[in-house]
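Here is a short report on a single model. Look at the structure before reading on.

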Amino acid sequence: MNGNRGPSRAPREREKERDAQGRELIDRVVHINRVTKVVKGGKNFSFSALVVVGDGQGRVGYGSGKAKEVPMAIKKGIEMAKKNMQKISLKGSTIPHTVIGRYGAGRVLLKPAAAGTGVIAGGPVRAVLESVGVADILTKSLRTTNPHNVIKATFDGLLKLKNEGEMRRRRGMAAGAAQEATETETIA
């Protein structure tokens, strides 16, 4: 028991859904905001929910939903996130190289880590990285704490990542040619 709060529980993770390919999707609610609109008859309350959805294998998306009730806002956010899913380049349980993601005032530093390090990240960044399936990474959120901008900066950084195979294809090099080039450099 935690004082007067009742039994401690694991962080809320909603039921797992499946995407079109049959993979399980993990959705995480990052932020819920109550919005008030003042009208002639009083105040109208609505809720906006920022949600991250991923398959844990390199695909992740985010979405924002608004509704009069929290569950409906979360449901709309999940639908938006599913439509916004993108493929991320990974290298084992970490990322291929260090990168800084930028969006608005937000900056997020993403740095690969050795196996067994874990996810060293704050709230919104952690939600994105756990949903994408990264297990070992070091991060630092810079300049802003706005969850919307932090998530968008994280996505910017993740989309900049390129693994070794992608870079070879981009440069027009075959996998064998790159190995031969390094072997001739070591001999000479």
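## Model and confidence

This is a predicted model; local features need pLDDT of at least 70, side-chain atom pairs count only at pLDDT 80 or more, and totals for chains, interfaces and linings use all residues. Residues are numbered from 1 along each chain as its sequence is written, and side-chain values use heavy atoms, without hydrogens and water.

The protein chain averages a pLDDT of 85 (the predictor's confidence in each residue, from 0 to 100). At least 70 is reached by 80% of the residues. Over residues 8-15 pLDDT stays under 50. Where pLDDT is low, the predicted coordinates should not be read in detail.

## Nonpolar cores

A nonpolar core is a set of buried Ala, Val, Leu, Ile, Met, Phe, Trp, Tyr and Cys residues joined through side-chain atoms within 4.5 Å. Buried means under 20% relative accessible area, with a 1.4 Å probe and protein chains only. The largest core has 22 residues; L110, V125, L129, I137 and L158 touch the most other members. Two or more residues come from each of β3 (42-54), β7 (106-112), α2 (123-132) and α3 (147-160). Helices (H or I, at least four residues) and strands (E, at least two) are DSSP runs, numbered from the N terminus. α3 gives the most, with 5 residues.

Apart from this core lies another, of 10 residues, including A49, V51, A67 and I74.

## Helix α3

Buried residues in α3 are P147, N149, V150, I151, A153, T154, F155, G157 and L158. N146 caps the N-terminal end of α3, with a side-chain oxygen 3.0 Å from the backbone nitrogen of H148.

Methods
Buried < 20%, exposed > 50% of the residue type's maximum accessible area, 1.4 Å probe, protein only. Contact = heavy atoms within 4.5 Å. Polar contact = N/O pair within 3.5 Å; in protein donor to acceptor, adjacent residues only side chain to side chain.
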